[in-house]
Amino acid sequence: LGGLGSEYGLKVRLGFLPVSQRYGDVVETQQHYRSRWRSIRIMYLTMFLSSIDLTADASFLGWIISSYSLGQMIASPLFGLWSNYRPRREPLLVSIAISVAANCLYAYVHLPTSHNKYYMLVARALVGFGAGYTTREADAQGNIDQVAVVATNILFFVILFVFAVFETIATPLTMDMYSWTRKEAVFYNGIILGAIGIESVIVFMVVKVISKKTGERATLYGGLLIILVGFFILLPWGKKLPNIQWEDIKNNSVPRIIFNEMFTPLWKLQTTQLPSNHTAEPTGCSVVQPWCLYTPLIHLAQYITSDILIGLGYPVCNVMSYTLYSKILGPKPQGIYMGWLTASGSGARILGPVFVSQIYTHFGPRWAFSLICGIIIFSLLVLEAAYKRLTAFSVRYGMMQQ
C-alpha cells in the first residue's frame, strides 16, 4: 500500500476503506474485485438456474440475483447494532454459521424433484444474510452530521443501482439488439466486462491523484456526469429496427400493437408460435416484447461507447462515496453506520435487477434507460443540495484545515 500513499494505507488499516489486492504493480480494491467477479457470475447464473429448474424465466432471474442483497440488507444493520453493544465475536460466529448452512443448501438445490428455483432463492437470501456482518471500531468526541450520512447513503444507493441495472441488462440487451445467441452474448459480454475491469483498475489508480486536486465531492460529481452521459448514449436513436425473433415471419403476419396493449402485463400477451423447420436457438428481438416492433436498434458502437463511459464513471463514484462516507463518520463507532451503507448498497442490488427485468421486458430500453437518466439527475441534485455538508468529521469540528 506504500505506493498509494500513507493516507490511504492508514485508512485501510483503520478499516475505513476496503483492503486492496496487488497484482504486480497493479492495485485493485476489494470492492472492485467483488464487482468484477459479480458481473461475470451474473452472466452464468441464468444458465445454472435454467439447468436446475426449466420453469424459471428471466423475471425470476431478477429475484434470484436480488435475493442475496435482500438478505444482506436485512442483516447488515442488525449485525452492526449488535457489534456496537456486544462483543464482536457473537455476531461474527452467528454470521459464519448462517453462511455455512446457506452454502450447504445452495450446493444441493439441484437434488429436489420440483420447486428447485425456490430453494435456490432461499439459499441465496441466507448466503446474503450471513454476509451482512460489517463492523468498525473507534471513538471520538462530537456528533456525526446525519444529513450528510443520509445524503451519502442515497448517492451510494444510486451508484450501485445503476451499475446493477447495467450488468444485469447486458446479456438480454445484446441478444435482442444484435441477434446474438445466449452463448455468444455471454462470451462477448464477458470480454467487454473484463476490459471494463481493467479500465476500473486504471481509474482507481488515477482517481486518487485527481481527487487530491479537485476534492472528493467534485470528483464524485464528475463521475456521476460520466455515467449519465453513458446511459444517455445508450438510448435508442434512428429508424432501423432490430431483427425480429420469428425467422419465418411474413409481412401480413406481424401483429398490430395498439397503444393500450403496450401496458398489458407480459403474462397476458397472446402469441402465436410459427412453425420452424429446425431446432436451432432462435435469435433476435422476441415479438413477445411488443416494443421490438417499434423501438429503434441500439447500434453496437453506442453500446461499446456506453460501456466505456459507465466503466469509467462507476469506479470513480464508488471510491469517492466510500472515501466521503469514512471522512464524514470520522473516528466514531461505525458498526451501525457501515451496516446502513451496506444495506443501502444491498437494496440497490435488489431493486436494480427487478427494475430492469420488468421495465425492459414490458416497455423496452427507451423507457428503462430514460428512467435511469432521471435517477442519476436526481442523485446530482441530492449531491448539489448537500454539497457543503459533505465534509470530513475532523474539518467539521476544527481539528484540521480541509
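Reply: Start with a term. A crossing is left-handed if the near helix is turned anticlockwise from the far one by less than a right angle. The crossing of α4 and α5 is left-handed. Keep in mind that this is a predicted model.

Now the pair itself. Helix α4 covers residues 89-107, and helix α5 covers residues 116-130. Their axes lie 8 Å apart. The packing angle is about 160°. Angles over 145 degrees count as roughly antiparallel. Therefore α4 and α5 are roughly antiparallel to each other.

Next, the residues that meet. From α4 come Ser95, Ile98, Ser99, Ala102, Asn103, Leu105 and Tyr106. On the α5 side are Tyr119, Met120, Val122, Ala123, Arg124, Leu126, Val127, Phe129 and Gly130.

Then the setting. The protein chain has twelve helices and two strands. Of the chain's 402 residues, 50% count as buried.

Finally, the largest nonpolar core. This core has 72 residues. The elements giving two or more residues to it are α6, α7, α8, α9, α10 and α11. Helix α6 supplies the largest share, 19 residues. Among the residues with the most contacts inside the core are Val162, Phe231 and Ile372. Ile372 touches Phe161, Val162, Val165, Phe231 and Phe355, leaving aside residues up to four places away in sequence.

Notes
Residues numbered from 1 in each chain as written. Predicted model: local features only at pLDDT ≥ 70, side-chain atom pairs only at ≥ 80, totals over all residues. Heavy atoms only, no water. Core = buried A, V, L, I, M, F, W, Y, C linked by side-chain atoms within 4.5 Å. Buried < 20%, exposed > 50% of the residue type's maximum accessible area, 1.4 Å probe, protein only. Helix = DSSP H or I, 4+ residues; strand = E, 2+ residues; numbered from the N terminus. Contact = heavy atoms within 4.5 Å. Axes fitted to C-alpha atoms, helices over the stretch in contact; angles between N-to-C directions. Parallel < 35°, antiparallel > 145°, perpendicular 65-115°, else oblique.
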